[in-house]
Amino acid sequence: METIQKKAEEGITSEMMLVQAAKKGDLEAFSELVKRYDRNVFRIAQHITHNEEDAQDVVQDAFLKAYQNLEQFQGNSKFYTWLVRIAVNEALMRLRKRRNDRTVSLDEDVETDEGSIPREVADWSPNPEQLYGTSELGDILKKTIQGLSPGFRTVFVLRDVEGMSTEETAEMLGLSVPAVKSRLLRARLQLRERLAKYFKNKKGGDGQQ
Amino acid sequence: MKCTEFLKELTDYLDGKITEDLKVELDEHLHWCHECHVVMNTTQKTIEIYRDNKIYELPEDLRNRLHQAIMTKCRKSGTGKKSNT
């Protein structure tokens with residue numbers, strides 16, 4: 001009972017109260033914000049950079065930048081939305097550096113038609129996840145999402161993995177709502193197409209090699 | 001309804017963000033179009049697999065180290081200040 005009550009009390013400490021306290025220099029309050037969101041920021045950074053070292057740097061730099069610029073945070077959006085926007089920009093910067101390519105952006109390869117017309121229409125096994133062990137499945141999922149352009153995989157991760165709304169995702173990425181929707185559709189279809197190779201039902205056969 | 005029209009609405013359909021009238025039309029298309037049915041099912045499964053099997057979890061020891069590093073940097077930097085005081 002005690003722990004349930006404790007959790008409820010923690011929940012009451014709203015994000016805004018923590019932000020206000022941190023603005024006044026309360027480091028404990030900021031530390032609480034870091035603990036709330038570090039896992040999410042790390043996951044998003046890993047998805048964009050595909051490099052653990054870069055993702056670690058992104059987590060550190062994003063929180064530091066957020067702390068240094070707290071005064072500029074007006075509270076029109078959620079703190080988390082603002083934080084992710086900083087983290088996404090940091091992650092894209094790292095990706096550019098690693099690829100030595102200044103053109104890496106959320107708009108990269110957006111014009112591609114891949115996946116927009118489904119070619120793979122064989123049904124999947126009833127429980128595709130059970131076809132593989134946990135670590136093998138993890139490798140398949142990583143490899144598959146890595147093949148998507150940064151713009152597509154970032155939208156997919158925020159919307160479908162992190163569970164953000166279309167509007168929040170648009171705000172985090174500085175995109176319009178229709179742009180998020182169109183990227184999300186194509187990201188989902190491309191992933192589906194690529195995963196089919198691993199998950200399709202072999203028993204039925206599709207008559208092709 | 002053509003398959004291309006169905007595909008255009010797929011994301012909103014899966015997110016449950018369509019009007020009742022459009023849902024009736026899409027369901028009717030799904031009823032007779034096996035291919036769109038498979039595409040819809042496997043797209044749904046794609047989302048579920050990525051949502052349920054979170055890759056790139058932050059290991060607890062690394063998490064602690066990052067937390068310490070962040071707090072040390074914040075302490076040195078101060079909020080809203082460009083230079084150390």
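Tutor: K78(A) counts as partly exposed because its relative accessibility is 48%; buried means under 20% relative accessible area, exposed over 50% and partly exposed in between, with a 1.4 Å probe and protein chains only. The model is predicted: local features need pLDDT of at least 70 and side-chain atom pairs pLDDT 80 or more, while totals for chains, interfaces and linings use all residues. Residues are numbered from 1 along each chain as written, chains are lettered from A and ligands numbered from 1 in order of writing, and side-chain values use heavy atoms, without hydrogens or water.

K78(A) pairs with E168(A) in a salt bridge, their closest N and O atoms being 3.0 Å apart; the term requires a side-chain nitrogen of Lys or Arg within 4 Å of a carboxyl oxygen of Asp or Glu. This pair links distant parts of the chain, 90 residues apart: K78(A) is in the loop between α4 and α5 of chain A, and E168(A) in helix α8. Helices are DSSP runs (H or I, at least four residues), numbered from the N terminus.

E168(A) counts as buried, at 19% relative accessibility. Helix α8 of chain A, residues 166–173, has six of its eight residues buried; T166(A), T169(A), A170(A), M172(A) and L173(A) are among them. Their cover includes α5, α7 and α9 of chain A, where contact means heavy atoms within 4.5 Å. Just after α8(A), G174(A) takes a positive phi of about 65 degrees.

Because R188(A) lies in α9 and D160(A) in α7 of chain A, the pair ties together parts 28 residues apart in sequence. Both R188(A) and D160(A) are buried.

Key: Helix = DSSP H or I, 4+ residues; strand = E, 2+ residues; numbered from the N terminus.
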